[in-house]
Amino acid sequence: MLSEAPSTEPLRAGVVGLGYAGEQHLKNFARVPGVEPVALAGLERDRLRELGGRYGVQDLYTSWEDLVSREDLDIVSIGAPNHLHAPIALAALEGGRHVLCEKPLARNGAEAQQIVEAARSADRAVHIAFTQRERGDVQALKRHVEEGNLGRVYHSKATWMRRNGIPGMGGWFTSKELAGGGPLIDLGVHMVDMALYLMGEPKVESVSCATYAELGPQGRGGWAGSGLMSGENPYEVEDLATAFVRLSGGATLVLEAGWAVYRESSDDFGVTLYGTDGGAEMKVKNYGTTDTVRIFTDVAGVPAVVTPEIEPRIGHLAVVRRFVETIHGGDWKGQHGEDGLDRARIIDACYESALQNREVSMGEVVRGGSGYR
Ligand SMILES: NC(=O)c1ccc[n+]([C@@H]2O[C@H](COP(=O)([O-])OP(=O)(O)OC[C@H]3O[C@@H](n4cnc5c(N)ncnc54)[C@H](O)[C@@H]3O)[C@@H](O)[C@H]2O)c1
């Protein structure tokens, strides 16, 4: 059943945030047909004027509340620090706007649940910018899995690791209160999303996680030039997290997310899948897009390696295009941020497991609500 009659008028979007994420939203609202950016909010006045000029947005605000209270917006997009995702999304949904939210959907499952419930009751769409799953190599891998070339995938590994990659050292990224966590909620959420997406969305049953804060608290591992709000606050989050995740059907996932560890000086992520008829490895170095995927199989009993064709795709462009198409199509049933809530609960379970130094089942986290943070 359609939620609303399909519309053809360009959608009017307001963007909150002037950092990397906000600019990606702005740029792609200006580029994708059927939508136009009409309002922009952020704290850095020079950057606000500069981005407004570059993307032709006249209505500029230094507070998100002023942008969200406009009555003529169809879309509010959120490229703000994690602690603002829930307040902005809830206000926008209450005003009847659709929401495009950066990952993570919120700092924890309780906030994410509030957003999903508000979106359902307002009958509005919430999409999360899980941009990495939109990459051409991930999409090629997904096709191989869906065509059955790997058989049943029973084990996977997903990692995102940096040598010196702590963003905005001393700013919101490294504040537990403002960010909700460190590399696990920042990078790990992309990799959990990617692995579960590729494996066909098995349910997470339990997690056993450990977190470490070895370099960040000593002021080491900072990534120069990232984050607009860097400051001198104490370092409060992990700089490395690792988890063993049990999935429905007996499958497993090993996760590793680190902003700063002694390894080679690059920013690398990847996924490994082991299936009953084949395996796959995706290794992305410094956001490279070529020669990243190999599929391992047998041809007539002889080990063979396949290098799939990869279509170049830009994550934010694909996310914005799908979001705009969904709204024009008038049907967003089941697209109220449920995937973001699912990932937020998994991250919650990881932090809880690390805190308690034991394996934690998803049942404990979902029943436990918000009381453990
Ligand atoms: N999907 C991706 O590839 C990707 C990449 C980078 C960041 N992100 C996510 O995007 C979000 C923002 O990250 P970033 O790196 O762009 O951060 P950033 O610190 O560079 O930018 C945050 C922006 O929010 C604005 N802001 C803060 N408080 C505000 C307020 N009260 N009113 C209006 N604006 C306010 C700041 O002025 C700033 O412009 C985070 O949730 C992050 O996890 C996603």
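Is the crossing of helix 5 and helix 10 left-handed or right-handed? The structure is a predicted model, in which local features require pLDDT of at least 70 and side-chain atom pairs count only at pLDDT 80 or more, whereas totals for chains, interfaces and linings use all residues. Residues are numbered from 1 along each chain as its sequence is written, and side-chain values use heavy atoms, with hydrogens and water left out.

The crossing of the two helices is left-handed (the near helix is turned anticlockwise from the far one by less than a right angle). Helices (H or I, at least four residues) and strands (E, at least two) are DSSP runs numbered from the N terminus. The axes of helix 5 (residues 109–122) and helix 10 (residues 338–356) come within 8 Å and cross at roughly 165°; axes are lines fitted to C-alpha atoms, for helices over the stretch in contact, and angles run from 0 to 180 degrees between N-to-C directions. Helix 5 and helix 10 are therefore roughly antiparallel (angles over 145 degrees). In contact (heavy atoms within 4.5 Å), Gly109, Ala110, Ala112, Gln113, Val116 and Arg120 of helix 5 meet Glu338, Leu341, Ala344, Arg345 and Asp348 of helix 10.

An open sheet comprises 6 strands in the order 3-2-1-4-5-6, with parallel pairing; two strands pair if DSSP finds at least two bridges between them. Strand 3 (59–61) and strand 6 (126–129) form the edges, each pairing on one side only. The twist from one strand to the next averages 25°. Strand 1 (residues 11–16) pairs with strand 2 (residues 35–41) in the parallel sense over 6 bridges, and Arg12 has Glu36 in strand 2 as its bridge partner.

Key
Parallel < 35°, antiparallel > 145°, perpendicular 65-115°, else oblique.
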